[in-house]
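Welcome! Here is a short tour of one protein model, taken a few places at a time. Please keep the structure in view as you read.

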Amino acid sequence: MASHTSFKDRNLIAVIGDEDSITGLLLAGIGHINEQLKKNFLVVDSKTQVSTIEAAFQEFTERKDVAILLINQHIAEKIRPTVDRYQQAFPTLLEIPSKDHPYDPAKDSVLKRVQKLFGE
């Protein structure tokens, strides 16, 4: 029962991505601003500092209302050591492609862990 309470209130998807990815997901209805005026998304562009991306990653992975964290793979590459260290089940971390950067399974840390688990 205790494990059930750890995820039952997680009902948000958080996103760290480029403008096109965030726009599409916001149009799909994932946008949320909580009582502390914190958003569940970060738009990353060429001017966004790596420290800002890492801070958003930390915030989203520590929030108790986030079930899934989506991050564009090319942005995950900017904070790869932080992404590789993350091993919690919730929020689940998924690397996604963007319009200008196709998905590369060789760079996906979650996929690497799954392949290791199955001995591939």
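Where is Asn40 found? Asn40 sits in the loop between helix H2 (19–27) and strand E2 (41–43). Helices (H or I, at least four residues) and strands (E, at least two) are DSSP runs, numbered from the N terminus.

## Before we start

This is a predicted model, in which local features need pLDDT of at least 70, side-chain atom pairs count only at pLDDT 80 or more, and totals for chains, interfaces and linings use all residues. Residues are numbered from 1 along each chain as its sequence is written, and side-chain values use heavy atoms, with hydrogens and water left out.

## Around Asn40

Asn40 has 0% relative accessibility, so Asn40 counts as buried (under 20% relative accessible area; exposed is over 50%, partly exposed in between, with a 1.4 Å probe and protein chains only). Leaving out residues up to four places away in sequence, Asn40 touches residues including Ile13, Ile30, His32 and Phe60 (contact means heavy atoms within 4.5 Å). The side chain of Asn40 also reaches the backbone oxygen of Ile13 at 2.7 Å.

## The sheet

Let's move on to the strands. An open sheet is formed by 4 strands in the order E2-E1-E3-E4, with parallel pairing (two strands pair if DSSP finds at least two bridges between them). E2 and strand E4 (92–96) stand at the edges with a single partner strand each, so one side of each has no neighbour in the sheet.

Strand E3 (residues 66–72) pairs with E4 in the parallel sense over 5 bridges, and Ile68 stands opposite Thr92 in E4.

## An aromatic pair

The structure holds 1 aromatic pair. The ring centres of Phe57 and Tyr86 are 5.8 Å apart and their planes stand at 85°, so this pair is edge-to-face (rings of Phe, Tyr and Trp, with its six-membered ring, pair if their centres lie within 6.5 Å; planes under 30 degrees apart count as stacked, over 60 as edge-to-face and the rest as tilted). Phe57 lies in helix H3 and Tyr86 in the loop between helix H5 (80–85) and E4, so the pair ties together parts that are 29 residues apart in sequence.

Are these two residues buried or exposed? Phe57 is buried, with a relative accessible area of 1%, and Tyr86 is buried, with 9%.

## Around Gln73

Our last stop is Gln73, in helix H4 (residues 73–76). Gln73 counts as buried at 4% relative accessibility. The side chain of Gln73 reaches the backbone nitrogen of Asp104 at 2.7 Å. The C-alpha atoms of Gln73 and Tyr103 are separated by 6.8 Å, although these residues are 30 residues apart along the chain.

Technical notes:
Polar contact = N/O pair within 3.5 Å; in protein donor to acceptor, adjacent residues only side chain to side chain.
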